[in-house]
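Thanks for asking me to look this over with you. Here are some friendly notes to read alongside the picture.

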Amino acid sequence: MARLPERLGTVYKGGQGQWSWALHRISGVAVLLFLFVHIADTALVGFGPKFYNQVVHAYHNPVIRLLEIGLAAMVLFHALNGLRIILIDFFPKMADYHKQLFQIVVGLYIVLIVPAVFFMGRGFIRSL
Amino acid sequence: MAIATKPRTAAQARERASSSFELWTWYFMRISGLLLVFLVLGHFTIVHLIGGGIDRVDFAFVSGRWSNPLWQVWDWLMLFLGLLHGTNGMKTIINEYVHRAGARVALKSTLYVLTLIFILLGTAVILTFDPNKGHSTVLQSLGLLK
């Protein structure tokens with residue numbers, strides 16, 4: 001097989017590498033958009049109780065609670081996959097185990113997202 | 001498929017970085033990312049999951065937290081590192097997908113201005129918040145409070 005040019009080193013062709021790369025970008029953009037909204041609403045605290053209490057009260061509706069669950073799903077993936085990237089970048093030998101590392105990310109993700117969805121799901125059901 | 005899975009080592013990052021700033025951002029993304037994992041997941045667990053989650057979040061709740069310098073520093077670090085980490089990631093995406101130079105510059109400029117405004121606003125609100133007065137003192141000094 002012809003060797004790909006060196007500068008194409010980060011091009012993936014399917015597999016976990018490609019999917020984790022795409023999900024890392026999508027979750028990153030989603031979290032950044034949320035961050036702008038969250039900073040804007042929390043900044044209202046600086047203006048006193050009136051506006052902030054109005055806004056957080058409005059946040060207690062079911063739609064926002066579903067978005068909160070979505071946010072947790074995005075943040076947790078970005079965090080765990082980010083740790084995998086950092087590990088491989090600083091310890092290149094870990095690349096030999098990249099499949100196992102991705103399996104660990106998926107395993108930890110499931111272990112952590114289930115209780116998170118349970119807690120937020122309770123709030124969602126109560127808010128209906 | 002050795003090439004496809006070849007990691008970007010720090011040495012490679014040094015070789016390929018088009019400027020020392022780009023190399024600096026390579027390190028920044030990894031160091032800030034590592035810190036943000038703990039800051040953000042800790043914040044999310046404490047504020048969104050345990051103790052009743054967002055149901056008990058209101059002005060009194062945030063005011064109580066910001067009377068403790070630990071949470072002020074925690075929240076400020078999340079604000080600062082989160083915005084810079086997110087903005088730098090977005091810059092990479094814009095550079096890769098927006099091919100027209102004018103649109104690329106316009107998008108990145110908007111992003112940077114927005115980020116600067118949010119860093120200034122968030123920093124002012126968090127670090128000058130006075131739980132006894134019930135607002136951030138800098139906002140009063142600027143005449144933004146009635």
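The points below go from the interface to a single residue.

1. A word on the source: this is a predicted model, where local features need pLDDT of at least 70, side-chain atom pairs count only at pLDDT 80 or more, and totals for chains, interfaces and linings use all residues. Residues are numbered from 1 along each chain as its sequence is written, chains are lettered from A in the order in which they are written, and side-chain values use heavy atoms, without hydrogens and water.

2. Start with the interface, where 51 residues of chain A are in contact (heavy atoms within 4.5 Å) with 53 residues of chain B. The two chains bury about 4,400 Å² between them, 73% of it on carbon and sulfur atoms; buried area is the accessible area (1.4 Å probe) lost when two parts are put together, summed over both. Arg25(A), Phe36(A) and Asp89(A) supply 14% of the area that chain A buries there, more than any other three residues.

3. How many salt bridges are there between chain A and chain B? The count is four, a salt bridge being a side-chain nitrogen of Lys or Arg within 4 Å of a carboxyl oxygen of Asp or Glu. Asp89(A) forms one with Arg30(B), and their closest N and O atoms are 2.6 Å apart.

4. Now look at Ser27(A): is this residue buried or exposed? Ser27(A) counts as buried because its relative accessibility is 2%, and buried means under 20% relative accessible area (1.4 Å probe, protein chains only). Leaving aside neighbours within four places in sequence, Ser27(A) is in contact with Met74(A), Phe77(A) and His78(A).

Definitions and conventions: Buried < 20%, exposed > 50% of the residue type's maximum accessible area, 1.4 Å probe, protein only.
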